[in-house]
Amino acid sequence: MGEILNIFVDTLKDLVSTSGIANMDWKAGVMILISFVFMYLAIVKEFEPLLLLPISFGMFLTNLPLAEMYHPELWAGELNFGEILHDGGLLDILYLGVKLQIYPPIIFLGIGTMTDFGPLIANPKSFLLGAAAQAGIFITFIGAAVLGFSAAECASIAIIGGADGPTAIYVSSKLLNGDGFSISTGTIALAAYTYMALVPVIQPPLMKLLTTKKERAIKMPQLRQVSKTEKIIFPIAVTLIVALLVPSAAPLVGMLMLGNLFKESGVCSRLVDTAQNALMNIITIFLGVSVGATTQADKIINLEFLKVILLGVAAFAIGTMAGILFGKVMCLVTKGKVNPLIGSAGVSAVPMAARVSQKVGAETDPTNFLLMNAMGPNVAGVIGSAVAAGVLLSVVG
């Protein structure tokens, strides 16, 4: 009887010593609590829930002691795919899609099937506003370098200013390879999606600060009707031009334009439906959970993460202000025909940024309808952020 009792006690001790509770440290506990905060923001506050919820749950899973779902040591140094497939956990396998830059271009394919480039085609000057808003990316790159980040980290942080989550994940996953980096792809993704969700909070004060009431009240004419032929030629032409000028941007821009060509051709309804729904939803889950897996304690509980958060908001704010200021220049050149508010939509964040332009303009004059005019710079910003990503990868990568 005593021997059986001893065996039972030893078994109980082994069970306790190998449990997650016994191996929990304070950093893992803090990270789990942080994941709960992001889950709250996604579910209750609806802050970019489609990606923030899987990212936060991936953060939760990766910080559970002894869960063995993600192994950062497998991603340090030169990648050994055989070792990852043999020894990796579930999240390691899913993370291959991020590391091999598969998920973000497929997300862009889905975005392309949901995007109407008509407002941009109808008003090509919108390209200038979309380009101007990318200034936040390159100015923040310099600021990050001043704060001591490496070139790869600077580029990964700066792309947050494009307000485009898949682009930020694409750049950071390509550049933050190996060990020795103080930040991770998950860090960048968290900052990017947090600021995308806060567009209606961050942008209006800047828009009102940099414009006068008279400028905000400017009414813009309705855009011309764009023909189907123009809409079909546009994605082909943009892909050709961008791929020849910035080859590194071709994967993102190419898939974006392929999705748009599916949509505008009118002969691929099944492909459009798959890309918009089933494929987009599947990749969103895989992307979010696997990116969340990289947000382990050593990448979040440090001073560098605070710097990323501050630089991220700076990038976004500078991009917004650059778009507005260039809008003011266009307003001056056109003798009051361009409302500077639409420049703020150039940061991408489709279609939320365009809706904010509409909202602020309507607050000044309820009869002012800027949405369609703001959609031009907004979709130009999507292309602009992808091109900026290509430039950063060409220079740094």
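1. Let me start with T185: at 2% relative accessibility this residue counts as buried, where buried means under 20% relative accessible area, exposed over 50% and partly exposed in between (1.4 Å probe, protein chains only). T185 sits in helix α12; helices here are DSSP runs (H or I, at least four residues), as strands are (E, at least two), numbered from the N terminus. Leaving out neighbours within four places in sequence, T185 is in contact with Y95, V98, I169, S172, S173, L176, V291 and T294; contact means heavy atoms within 4.5 Å.

2. A word on what we are looking at. This is a predicted model, in which local features need pLDDT of at least 70 and side-chain atom pairs count only at pLDDT 80 or more, while totals for chains, interfaces and linings use all residues. Residues are numbered from 1 along each chain as its sequence is written, and side-chain values use heavy atoms, with hydrogens and water left out.

3. On to the pocket. Rolling a probe the size of a water molecule over the atoms shows where empty space is left. The largest pocket holds about 880 Å³ of space. For the method: on a 1 Å grid over the protein atoms alone, a cavity is a set of points where a 1.4 Å probe fits but cannot get out, and a pocket is an open set with protein on both sides within 12 Å along at least five of seven lines; lining residues have an atom within 4 Å of a point. Grid points are joined across faces, edges and corners, and the volume is the space filled by probe spheres set on the points.

4. Helix α18 gives the most, with five residues. By class, the lining has 21 nonpolar, six polar and four charged residues; Ala, Val, Leu, Ile, Met, Phe, Trp, Tyr, Cys and Pro count as nonpolar, Asp, Glu, Lys and Arg as charged, and the others, Gly among them, as polar.

5. The loop between α20 and α21 deserves a look at its backbone. Most residues other than glycine have a negative phi, and most peptide bonds are trans. S348, found in this loop, has a positive phi near 85°. A349 lies in the loop between α20 and α21 too, with a positive phi of about 50° although it is not a glycine. S348 is buried at 2% relative accessibility, and A349 is buried with a relative accessible area of 5%. Then the peptide bond from V350 to P351 is cis, with omega near -10°; P351 is found in the loop between α20 (303-333) and α21.

6. How do α17 and α18 cross? Their axes come within 3 Å and cross at roughly 25°, which makes α17 roughly parallel to α18. Axes are lines fitted to C-alpha atoms, for helices over the stretch in contact, with angles from 0 to 180 degrees between N-to-C directions; under 35 degrees counts as roughly parallel, over 145 as roughly antiparallel, 65 to 115 as roughly perpendicular and the rest as oblique. D273, T274, A275 and Q276 in α17 meet A278, L279 and M280 in α18, and the residues of this contact divide into four nonpolar, two polar and one charged.

7. E215 is found in helix α14 (residues 213-216) and is buried, with a relative accessible area of 15%. Not counting residues up to four places away in sequence, E215 touches L210, K328, N339 and P340. The C-alpha atoms of E215 and S173, 42 residues apart along the chain, are separated by 41 Å.

8. G266, in the loop between α16 (250-265) and α17 (269-276), counts as exposed at 58% relative accessibility. A237, in helix α15 (residues 228-245), is partly exposed with a relative accessible area of 30%. A76 lies in the loop between α3 and α4 (81-87) and is partly exposed at 29%; A76 and G180 are 104 residues apart in sequence and 8.4 Å apart in space, C-alpha to C-alpha.
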